[in-house]
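User: I am new to this structure and would like to know what stands behind the terms used for it. Please set each value against its definition.

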Amino acid sequence: MLDLSIEAVEVTFPGLATPALSIDSFHLPAGGHLAVTGASGSGKSTLVNILTGLERLKKGTIRWGGTDIASLSESRRDRWRGETIGLVMQDFHLFEGLSALDNILLPARLARVANAATVERARELLTIVGLSRPEQKVETMSRGEMQRVAVARAIVRKPAVIIADEPTASLDSESGAQVAELIVTLAEREGSTLMVVSHDPALIERFDNRIRLVGGRIAQADAQVAA
Amino acid sequence: MIRFILADLNRFRLGAFFIAAIVALAVALGVAVTLQERALRLGSARAAEKFDLIVGAAGSETQLVLSSVFLQPSALPLMTGKVLSDLEADPRVAWAAPIGFGDFFGTSPIVGTTTTLVKNLSAGVSEGAIFAREGEAVIGADVKLPMGSTVKPMHGTLGEGGHTHTELAYTVVGRLKPTGSAWDKAILVPIRAVWDIHGLGHHHDDGDADEHDHDHAAAGADAAKPADAKEPAGHDDHDGHDEHEHHAIDPNQAINEQWQGELPDLPAVVVKPKSIADAYKLRQQYRKDATLAVFPGEVLTTLYATLGDVKQVLSAVAAGAQLLVGAALILVIVMHIGQRRKQIGALRAFGAPREAVFGIVWLELFGLVATGIMAGLVLGYLAARVIAARLAADSGFHMPVGFAPEDMTSISILLIASALLCALPAIIAYRQPPASALRG
């Protein structure tokens, strides 16, 4: 469980006059849940990339529980991300040819941190997300099932933060609702800080804290979030 | 990681198979060239090792060696038979044996020689005995004839329009142990019988020899057809069998290997000198006027030098092919990595360290290439074996195909080079920023 603070962040891309993202100050308390909305091109993906350290921040600071992620080296940031952030993406990014269980464990195994307890937790999570066949190959699953595997993968290492980028956008409404429910309840159960980027109204309305991005800036902040 | 790589390879199994197969073929090409060249070198050196010094008529050194050591059919010039008796009498000579060619039985050359050479050529007989009478023959290990079968010599081969000798048919009385040389395909008979068949006794007409050398590609002894033979066959007085009108030869006549008196002209004499010093002196002495003396080993060394050039050309071709294959593979792989940006980015995004990404890409590629290299080694070895076996079947000349210690060096260099090359796409994957990879 980590809190997030953003200070004077500005992300520019070459050839673009206006910054893709520009946030003067933002704070999300530890264990807080936040929904980020906005039209496409409003800077949502950029926000996800810099918050997860996938992209290096050049201007401003982002601290997760006091860690300035821009100060970490590329390899340290990989390790930090693996330990701290559970990521769920629109396109699942599961690896074909591997079973559901192996997919959940793959990042942990590649980081050489998977032990018997991790495997046990992966099996438990599979049950929680409602999948009964751990050895089933992911390519034989429905899209909803795939995203549920992805959710289990995101939280198998007990991340302090869960970030979901359009987790329901490529699912039908029923599967989408299931996945949305899972993400929110699991984040609560694990006590993780949760941030969801979405324009799925059914998902957004579960959140009290919402921000809306317009042209890379926070245009509207609901509830107790400091703008 | 291994499981992920295997799943990945399985997903791209067709491409993976072709990459490994192309690498295997390129490697096999180089391996086959190297192994075959070495086999030829070792095999011929082994075949020549029984022949210390060969004396023949002045002419081509190479042809003398090829015809005597490898029994390659060819019209060797003849030298006077006196050379044989001189050598026999020479105190520096342990033994000297004449060889005479020209006749065939099927594709097996019939070589006239003496029991001395036969005994020194092979480690003895595997069945039967060495010939003791004029009508007896001992066959090389690879000649497929049963004991007791009849061999009717044919002058020249059928394909060359040869004719069958009717004067004498040999009876196979023994089979030699394998020598690994062309002599394994030969049928060895007493040289006296060869002379007798061709109407050569102690008379000889040089002009006649010249005429007929052109008629018979494989003329060894004087190539006189029975109809042309004006001279009655005759022996020197010691064998007590002077009169052979129309070459009527008594197959039960015990062979005589004393070379006194006048002997027919000869294509070659195999000489075993008593010492190395004697060998050099003999070679010097017989390297003038009408005779030629050669160390087959030395002639082969010269041939290998030529062969070495050929091998270098072939190796360069093989290396060029390997280089092209390597370059093409790098191109394909780099493109493939580009297509997998998303997958690689995702691995990073979900917490796989970039070192793991490097490891996956490298291990996956190197696994494929190394498999290809290993398969290529086996394939090249098998190809060399097949080629050697086919050559052995044709010529009886055995070539030992095998890897040598120095091959380990080249294989290691190849593996290290491919390991380094595989690191290139791995580095590309390692350096790919995960965010941009996901965006695409």
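Analyst: Contact means heavy atoms within 4.5 Å. The model is predicted. By that cut-off, and leaving out residues up to four places away in sequence, Trp64(A) touches Leu2(A), Asp3(A), Leu4(A), Leu51(A), Ile69(A), Trp80(A), Ile85(A), Val161(A), Ile163(A) and Thr193(A).

User: What makes Trp64(A) stand out in the largest nonpolar core?

Analyst: The core has 111 residues, and Ile62(A), Trp64(A) and Leu188(B) touch the most other members. Helix H11 (residues 354–395) of chain B gives the largest share of this core, 13 residues.

User: How do you know that this core lies between domain 1 and domain 2 of chain B?

Analyst: Domain 1 (2–44 + 302–439) and domain 2 (53–294) of chain B both give residues to the core, so it lies between them. A second, separate core has 38 residues, including Leu94(A), Leu126(A), Ile162(A) and Leu203(A).

User: Is Ala26(B) called buried or exposed, and why?

Analyst: Buried means under 20% relative accessible area. Ala26(B) has 8% relative accessibility, so Ala26(B) counts as buried. Ala26(B) lies in helix H2 of chain B. Beyond its neighbours within four places in sequence, Ala26(B) is in contact with Gln322(B) and Val325(B). Leu324(B) is 298 residues from Ala26(B) in sequence, with the two C-alpha atoms 9.2 Å apart.

User: Why is Ile22(B) called partly exposed?

Analyst: The class runs between the buried limit of 20% and the exposed limit of 50%. Ile22(B) has a relative accessible area of 38%, so Ile22(B) is partly exposed. Ile22(B) is also found in helix H2 (residues 13–48) of chain B.

User: What makes Ile22(B) part of a patch?

Analyst: A patch residue needs over 30% relative accessible area. With Leu14(B), Phe17(B) and Phe18(B), Ile22(B) forms a nonpolar patch on the surface, and together they have about 430 Å² of accessible area.

User: Why is the pair Asp91(A) and Lys342(B) called a salt bridge?

Analyst: The nitrogen must be within 4 Å of the carboxyl oxygen. The closest N and O atoms of Asp91(A) and Lys342(B) are 3.9 Å apart, so the pair qualifies as a salt bridge. Asp91(A) lies in the loop between strand S6 (85–89) and helix H3 (100–110) of chain A, and Lys342(B) in helix H10 (residues 341–349) of chain B, so the pair joins two chains. Asp91(A) is partly exposed at 41%, and Lys342(B) is partly exposed at 33%.

User: Where do Asp407(B) and Arg38(B) lie, and are they buried or exposed?

Analyst: Their side chains meet in a salt bridge, 2.8 Å from N to O. Asp407(B) is in helix H12 (residues 405–431) and Arg38(B) in helix H2 of chain B, 369 residues apart. Asp407(B) has 7% relative accessibility and Arg38(B) a relative accessible area of 9%. Both values are under 20%, so Asp407(B) and Arg38(B) are buried.

User: How many salt bridges are found over all chains?

Analyst: The search of the whole structure finds 27. One network of salt bridges links Glu74(A), Arg77(A), Asp78(A), Arg81(A) and Arg348(B).

Definitions and conventions
Residues are numbered from 1 along each chain as its sequence is written. Chains are lettered from A and ligands numbered from 1 in the order in which they are written. This is a predicted model: local features need pLDDT of at least 70, side-chain atom pairs count only at pLDDT 80 or more; totals for chains, interfaces and linings use all residues. Side-chain values use heavy atoms; hydrogens and water are left out. Patches are made of residues with over 30% relative accessible area and no salt bridge: like charges are joined within 9 Å, nonpolar side chains (Val, Leu, Ile, Met, Phe, Trp, Tyr) within 5 Å. Accessible areas come from the Shrake-Rupley method with a 1.4 Å probe; for residues, only the protein chains shown count as cover. Helices (H or I, at least four residues) and strands (E, at least two) are DSSP runs, numbered from the N terminus. Buried means under 20% relative accessible area, exposed over 50%, partly exposed in between (1.4 Å probe, protein chains only). A nonpolar core is a set of buried Ala, Val, Leu, Ile, Met, Phe, Trp, Tyr and Cys residues joined through side-chain atoms within 4.5 Å. Domain bounds come from an automatic or database domain assignment.
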